[in-house]
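Please keep the sequence and the structure in view while reading.

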Amino acid sequence: MTLQLLHFQILSAAIFCIGLYGVLARRSAVLVLMSIELMLNAVNLQLVAFGAYSGFGTSTGQVIAVFVITIAAAEVGLALAIVMRLFRSRGGVNLDEIDVMRG
Amino acid sequence: MLTAITFVPMIGAALALAVRGSARTTRLIALTTVLAELGLTISMYVIFNAQGDTYQFVQRAPWVSAFGIEFLMGVDGLSAPLVLLNGILGVAAVLVSWRVETRVREYFMWLLLLQGAVMGVFASLDMILFFIFWELELVPMFFLISIWGTGRKDYSAMKFLLFTFLGSAFMFAAILALYFSFPAGERTFDMTALIHKDLTNLIVPSSLVFSGFLVAFAVKLPIVPLHTWLPDAHTDAPTAVSVMLAGVLLKMGGYGLLRINAGMFPDELAAAAPLLAVLAVVNVLYGAFIVMRQTDLKRLVAYSSVSHMGFVVLGLASVGAGTAQLDGTGLNGAAMQLFTHGTITGLLFVVVGLVYDRAHTRHIADMGGLSGRMPLIAVGFMIAGLASLGLPTTSGFVAEIMVFLGTFPAYGLATALSAFGVVLAAGYILWTAQRTMFGPPLERWAHLEDATRVDVAAMGVLIVPIFVFGVYPALLTDVFDAGIAPIIASFAEGASLVAGQGG
Amino acid sequence: MGITARDLFLIAPELALTVGATVVVLSGLVSRQRQLTLVLALLGLAVTFAFAIALWDNVHANGAQSAFNDSLIVDKFALYIKFLVAGTAALVLIASSEYAERFRPYGSEFTGLVLFSAAGLMLLAAAADLITIYVSLELATLPVVALAAFVRTRIAPIEAGVKYLLLSAVSSAFLLYGFAFLYGASGTMQVVGGSSGAPTIAQALGEGSPDVPFGGLAIMAGAILATAGFGFKLSMVPFQMWTPDVYEGAPTPVGAFLATASKAAAFAVVLRLFYEALGGSSADWSTLFAALAAITMTIGNLVAIVQSNVKRLLGYSAIAHAGYLLIGVAAVTAHGQETQDAAGISSVLFYLAGYAAMTLAAFFAVIVLTQRSGDERIEAMAGMGKRAPLAALALAVALLGLTGIPPTVGFMGKLFLFNAAVNSGLVWLAVVGAVNSVVSAYYYVGIIRTMYLREPAGDASPVAAAFSGRLTLWITVAAILVLGFWPGGLLEVARTAASGLVS
């Protein structure tokens, strides 16, 4: 059996869902960030697979994956800075504990 | 001219707020404004030619041309008397506010703004303009009740606001549905054009559009069971606001019913006539019975308003008779009732307010024998009371008899039951008079003083029209006839259309 | 294919803003003068404005133009949003010049971040392919994350920053996943066609179902995932949960910026995507958006009722207004590309501007009112009518506008939106919207009542506003009222802008 586009789609959907589950279930800010990375990588996989298999004749999919990786890196940089701030002021990065606002 | 009538009170409002002087200065500014306004409305009414064009004093200017919204003002026989009524009540409202001492400038600002907004409602012939003034009136009312009111004023003000706003939400949707029912190019908010259009084939069933308007106006009139805001608002409002509320704000509901529901949707109205007849009877009798067990003088008058507005609904139901017998007497009576109830109940509220100012209570059980201490006020009360129960030679009699005559052919039983409401009215008015004004003078009220000249003027402004139009109702009915005639014509038109299709 | 001078001219507004932002940040190294920062920022915005006007002229003469190998489209639609974003940024910066005192010593960084985010939003409005949408969205979002967490001394801003960051990252993942599907189904990322002649999504989809697994479903999945992703930015239920937390926790000017500029650009891109790229597809987006609109405004309004913090309440009000705006989106998508006139799009554009004026006025007033005490509870607003007359008046006008009471721009905006809905046959949605306005009246008027009718609990001394604060309050209040009285001018501009998208 050769690998087909469908296989990549299923794999990427699975990874995306695992990432989403992590975002919803994890309470540590760092683990949530990692889960988001997982979701973004699922997207990358999808994009590259589409670019490679669909025969569009362009490399748009692969190029966009590079964009996504770059921006995700910037995002993580900012995120970690804020999580550091959170850690310094609260001594932890548990998201359940930062819930001063309600309503 | 109508633009002036609408905006003179608003300019007065701005002046009242802007001029910093003693409370007396502000009062004089307000008084000058409403007197000028009264002069304008009277001259408008005198110039208005009942035999002339349907719409007079028409002013038209484009406003939001992309949506065909116009600044379109004008009066016909239906609205001209109501504009006059508003002019009269404005004077009375300012005069009874003479003793307001807190935040005087703001108070008169809001009061004048209220008058201007109501003028706008009666004078607008563009649906959107009409709606804007309809909404604008909420703001002054809200502040007037919640700042200068008594009792549970916050609650009442909010309840008033939300009820009216809810009603107007339906009206808003109905207006838009009406607008978009026509292909681009023929769309219009112009009431004078809409009334001649065929409104039977709309994008939503026209009965829904009809109901949208009906709900909005039923809240305002009010029709049971949408009336619950009224007693609260009346009870807690300051006197002048009660006067305006009973005098003209309720009339906006009746005016809308006549102008839009009857004028534009004759078929739907005829179909709804049985329901309206039932609602009218409920309104009249429920209101009257509730009045009987009121202990608060103001609440009593408020419920009597509910009862009396039932007659307006009954007059509308007269269209159920079918076009053969429809001569407009019922609708004319309904319109007449709007005017007369405005002056009569306005007077009742003035009197109640004067009593409250002196005795600081509205509890009926605490009163008794007041006529000995304040004969002038007692006279005012008796005139208002007798007019309210429909004594001949007062305008109240004319209106009610016309409603009964007009509706009897259509709904005999409903008319008879409603007529019983008049008997009840006689009962509760006389009973109340006896409990408050007459009887042995009480020791505790020995210090009370009678009406001042300002108070007498306030009562006089309202008593004059009660008698003038009572003795010579043609002054009023001729004008109303001019306004009702096109509505009757549209009923006949609808009937001939139906007949044409049948043949 | 290289970059030409024309490309640079077409993004001159964004370039100017970016340069301005860089200069502002660098100026912080030299001087920590708050005035200097502000002047530099306003200078940058002025140049941006000048370029945008020049581009408007150019587009007016030569039609829409694409730049950078078709990744950006400069049409009047984009320019309208750019004006809105730049104007909002300018007002936010002026209003927060006093507030920014507490950001010391990072005042210039604060200003710079606002400008960077504004540049991202302006690019977003002009984005012509999916990847540019994503990149500019991130450029707009990341500075706001930093801004939300700007105050180090309190936990609430950090919480706001973390929540905003995590949820926006998740939403970006959804968005990208959706984009990937759209790419897979169509083989292109092009939303708007350009000079290179590369096929757009709409064209590719028009050629029949693509040869990929789940072809038609892939488009559906892509659109729904993208809607979910945008849903976060728009505060659309069920992706709204971050909104109140961020509005409450973030510094007030940041909330103002987020609520207005951010939302305007996000709506612009949703309109562009669903109108230009997916407008031709057979799926019924209108029903989806209509349902989302109804749910969003209802939930936003109902939850807002029980709020006790002003900023949090404004957050829920922002959710509700996202719902009103979605009415416009539903109306636009109802028609399909062929029959649509510009009315739906122009109503959204008009409302975005009006909503920006009202929301900015409300936030600026909150800045002034909470300046000294830092107390953001609604009860703390008691007596503000006397303590801070101008700010209280501005807040009252803004809240009446948000309720939709004439003569404010809020009324006109809702009129146009509901107009568009009824025009598209969504009468029920207009009714839901109108009833929602009634619900919102309850909590909006509640604040007004607290300000004017309650006595202050403790401190009753006047709350002074700095000149910059007063200036912005006057500007926004004037905008609310002027656009309420004369909506025609802005509506005409919005129509022109919308027709840029339609043609």
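**Overview**

Of the 503 residues in chain B, 61% are buried. The model described here is a predicted one.

**Chain B: overall form**

- The secondary structure of chain B consists of 20 helices and two strands.
- A compact globule of 503 residues would have a radius of gyration near 23 Å, and the 22 Å of chain B agrees with this.
- The C-alpha trace of chain B extends over about 75 × 55 × 40 Å along its principal axes.
- When contacts in chain B between residues at least 6 apart in sequence are considered, 82% of them join residues at least 24 apart.

**Chain B: the two strands**

- Strand β1 (residues 56-64) and strand β2 of chain B pair in the antiparallel sense, with six bridges between them.
- One of the residues of β2(B), B:E70, is the bridge partner of B:P62.
- The two strands β1(B) and β2(B) form a hairpin, and four residues lie between them.
- In the turn of this hairpin, B:G68 has a positive phi of about 65 degrees.
- Strand β2 (residues 69-75) of chain B is largely enclosed by the rest of the structure, because six of its seven residues are buried.

**Chain B: helix α13**

- Helix α13 of chain B covers residues 297-317 and has 21 residues.
- At 1.5 Å a residue, α13(B) should span 30 Å; the C-alpha atoms at its ends are 31 Å apart, which agrees.
- How many of the residues of α13(B) are buried? The count is 21 of the 21, so this helix is largely enclosed by the rest of the structure.

**Chain A**

- Chain A has three helices and zero strands, and from the N terminus on its elements run α-α-α.
- For 103 residues, a compact globule would have a radius of gyration near 13 Å, but the value for chain A is 17 Å.
- Taken along the principal axes, the box filled by the C-alpha atoms of chain A is roughly 50 × 25 × 25 Å.
- Buried residues account for 32% of the 103 residues of chain A.
- Among the contacts in chain A with a separation of 6 or more, 49% are between residues 24 or more positions apart.

**Contacts between chains**

- Two pairs of chains touch, and the pair with the most contacts is that of chains A and C.
- Chain A and chain B are joined by no contact, and their closest C-alpha atoms lie 24 Å apart.

*Chain C with chain A*

- The contact involves 34 residues of chain C and 34 residues of chain A.
- On the side of chain C that touches chain A, two or more residues come from each of α6 (130-148), α7 (155-186) and α10 (242-249) of chain C.
- Helix α7(C) gives the most to this side, with 16 residues.
- By class, the side of chain C that touches chain A comprises 23 nonpolar, six polar and five charged residues.

*Chain B with chain C*

- Here 26 residues from chain B meet 25 residues from chain C.
- At least two residues of the side of chain B that touches chain C come from each of α5 (127-136), α6 (138-148) and α7 (153-180) of chain B.
- Helix α7(B) supplies the largest share of this side, twelve residues.
- The side of chain B that touches chain C contains 22 nonpolar, two polar and two charged residues.

**The largest nonpolar core**

- The largest nonpolar core has 458 residues, and those that touch the most other members include B:A92, B:A317 and C:A89.
- Helix α14 (residues 343-370) of chain C gives the most to this core, with 22 residues.
- Which residues are in contact with B:A92, leaving aside its neighbours within four places in sequence? They are B:V243, B:G346, B:V350, B:A458, B:V461 and B:L462.

**Chain C: helix α17**

- Helix α17 (residues 409-423) of chain C has 15 residues, and its first and last C-alpha atoms are 21 Å apart, close to the 21 Å expected at 1.5 Å a residue.
- Because 15 of the 15 residues of α17(C) are buried, this helix is largely enclosed by the rest of the structure.
- Just after α17(C), the residue C:G425 has a positive phi of about 80 degrees.

How values were computed. Residues numbered from 1 in each chain as written. Chains lettered and ligands numbered in written order. Predicted model: local features only at pLDDT ≥ 70, side-chain atom pairs only at ≥ 80, totals over all residues. Contact = placed C-beta atoms within 7 Å. Nonpolar A, V, L, I, M, F, W, Y, C, P; charged D, E, K, R; others polar. Buried ≥ 20, exposed ≤ 12 C-beta atoms within 10 Å, placed from the backbone. Pairing = 2+ DSSP bridges. Rg over C-alpha atoms; globule rule 2.2 N^0.38 Å. Core = buried A, V, L, I, M, F, W, Y, C linked by C-beta atoms within 7 Å. Expected span 1.5 Å × (residues − 1).
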